[in-house]
Amino acid sequence: MTAPFFKNLDLTEFWEDSDYARKEYISAPPDDVLIRELELELGYRLPASYIWLMKQQNGGIPRNLNFPTSEPTSWAEDHIAITGIMGIGREKANSLGGAFGSRFWIAEWEYPNIGIAICDCPSAGHDMVFLDYRECGPEGEPAVVHVDQEDDFRITHLADNFESFICGLVNDEVYDTSAEDKQADLEMARHGAFSATLADLCSRADSALNIEQAIREIARQIVEEKGFFALHADERSYLLYDIQFWLYTNTHPQVTHADYLQAYPNIIAFGGAFSTGGYAPGFIEEWLKARIEQREIEVHNGVLSLTTQAKATLMEKVNVAISG
């Protein structure tokens, strides 16, 4: 029997098989009762092509995760990326009626109520793909759009219908710019201008240390290792966290936990050409917690400071970084 949808798509090669996909996305094929129940809950009739695809495999992670766009988005200049496609069900977190299903994004994250969220994205909630029923009404054939929470929920048209969206997905290889991105970040590590905050903090440090050179060398090592400049929970990232904290407390000796978390984004995360372009607050919290537990950072009456031994150890690491 000829498939009614996706006639030019090899569905045997469409889905990626993984433990994560099975745990977070894939449910048993939906029956008509479940489909109707979720349509009533969501307030929209699901596209026939979506229902048909979910009856072949109910949710999951496609091999092709990118969709071209004619205008820039928060993800890239010429495309968006998805993490997975939500199935029709409730039991899996990433399903239409699951813990992170469509109503969650509208109610908790205040996404516009234009239809149904069907795809999450790598930004962990800061952009989503929706079925858009604004023009067709709740019983019609919805378009597929990208909604960008970071840009005041800007809506970008992707495809006229779900089938066109699925058939238009392309592989990561089409947009692989990792080599160029690495070279750009290496250039930034060597010569990018520091933020005003970081430049001021460096100017107040002992000039004999050449702290700017140390920071740039550690950043270069991070880029060489990861292919890009980002601070996570690895050893070199922790070293840059330590240096930032040491520089900041040299100038602000009465800093509290809350003060430092508020000041941190203006040092390396944002504000200059030399920047990670963002940061995960959880990593900073975990670093600070670890350093306090390791007794490298002391807390007296709410004020944070490096211990004498921690400062000495840090200076040794800075000198090693400078020597390359």
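**Cysteines and cores**

Visitor: What does Cys167 count as, in terms of accessibility?

Guide: Cys167 counts as partly exposed, because its relative accessibility is 41%; the class lies between buried (under 20% relative accessible area) and exposed (over 50%), with a 1.4 Å probe and protein chains only. This is a predicted model, in which local features need pLDDT of at least 70 and side-chain atom pairs pLDDT 80 or more, while totals for chains, interfaces and linings use all residues. Residues are numbered from 1 along each chain as its sequence is written, and side-chain values use heavy atoms, leaving out hydrogens and water.

Visitor: How many disulfides are there?

Guide: Zero in the whole structure, taking a disulfide as a pair of cysteine sulfur atoms within 2.5 Å. Cys121 is in none; its nearest cysteine sulfur belongs to Cys119, 7.1 Å away.

Visitor: Is Cys121 buried or exposed?

Guide: Cys121 counts as buried, because its relative accessibility is 4%.

Visitor: Changing topic: which residues touch the most other members of the largest nonpolar core?

Guide: Tyr50, Val129 and Phe165, out of 49 residues. Such a core is a set of buried Ala, Val, Leu, Ile, Met, Phe, Trp, Tyr and Cys residues joined through side-chain atoms within 4.5 Å.

Visitor: Which element gives the most to this core?

Guide: H3, with five residues. Helices (H or I, at least four residues) and strands (E, at least two) are DSSP runs numbered from the N terminus.

Visitor: What is Phe165 in contact with?

Guide: Beyond its neighbours within four places in sequence, Phe165 contacts (heavy atoms within 4.5 Å) Phe67, Ile82, Cys119, Val129, Val144, Leu158 and Ala159.
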